[in-house]
Amino acid sequence: MRKVLVAFDGSDNSKRALQYVVDFAREYSAELEVHVLNVQYYEGGMYGEYFTANIIENLNSGLLAKAKSVLQQASDVLAAASIKHETHAVFGNVAEQVNDAVKRLGCDTVVMGTRGLGSFSGMLLGSATTRVIHEVSVPVVLVK
């Protein structure tokens with residue numbers, strides 16, 4: 001575990017996952033490169049004649065601002081622990097974006113909480129965690 005992707009949504013479980021990485025680095029004197037990923041996903045029909053490009057742009061701007069705020073929390077924790085890190089905000093499906101980031105950034109491990117801030121419909125369809133486990137080709141460490 002050298003190049004780690006942490007899926008971070010600001011939930012208590014994602015905060016514990018981030019703390020796991022900090023504790024691991026401290027306990028094993030590991031020099032980690034951590035990539036913190038926040039995926040913004042909005043449900044519903046954003047297509048058709050009801051939504052103008054301006055409305056969608058405003059929605060995306062708001063989601064990006066939210067992502068930056070959440071990522072700043074993670075960045076503060078990692079900076080305090082002197083862990084080299086980068087933050088990334090993306091839009092889309094969580095599992096697909098985690099898989100893409102693992103490939104693009106060359107990460108060898110994914111660390112994530114077992115439950116995030118997903119919607120009730122996400123519970124009915126299966127958790128993002130389960131989808132990530134099946135999607136990525138690297139080990140996934142789940143933190144409860």
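Helices and strands are taken here as DSSP runs numbered from the N terminus, and in this predicted model the loop between α1 (12-27) and β2 (33-40) is the place of Ser29. The backbone of Ser29 adopts a positive phi of about 45°, although the residue is not a glycine. Because its relative accessibility is 63%, above the 50% cut-off, Ser29 counts as exposed. A positive phi, of about 55°, is also found at Ser82, again a residue that is not a glycine. Ser82 is placed in the loop between α2 (53-80) and β3 (84-91), and with a relative accessibility of 69% Ser82 counts as exposed.

Aromatic contacts were examined next. A pair of aromatic rings is described by the distance of the centres and the angle of the planes. Across the whole structure, the search finds 2 aromatic pairs. In the pair formed by Phe24 and Tyr28, the ring centres are 4.9 Å apart and the planes meet at 45°, so this pair is tilted. Ring pairs join Tyr20, Phe24 and Tyr28 into a cluster, of which Tyr28 counts as exposed, at 53% relative accessibility.

When residues up to four places away in sequence are not counted, Met1 touches Tyr20 and Phe24 together with Leu32, Asp108, Thr109 and Val111. Although Met1 and Thr109 are 108 residues apart along the chain, their C-alpha atoms are separated by 6.1 Å. Met1 itself is partly exposed, with a relative accessible area of 28%.

Conventions
Residues numbered from 1 in each chain as written. Predicted model: local features only at pLDDT ≥ 70, side-chain atom pairs only at ≥ 80, totals over all residues. Heavy atoms only, no water. Phe/Tyr/Trp six-rings, centres within 6.5 Å; stacked < 30°, edge-to-face > 60°. Buried < 20%, exposed > 50% of the residue type's maximum accessible area, 1.4 Å probe, protein only. Contact = heavy atoms within 4.5 Å. Helix = DSSP H or I, 4+ residues; strand = E, 2+ residues; numbered from the N terminus.
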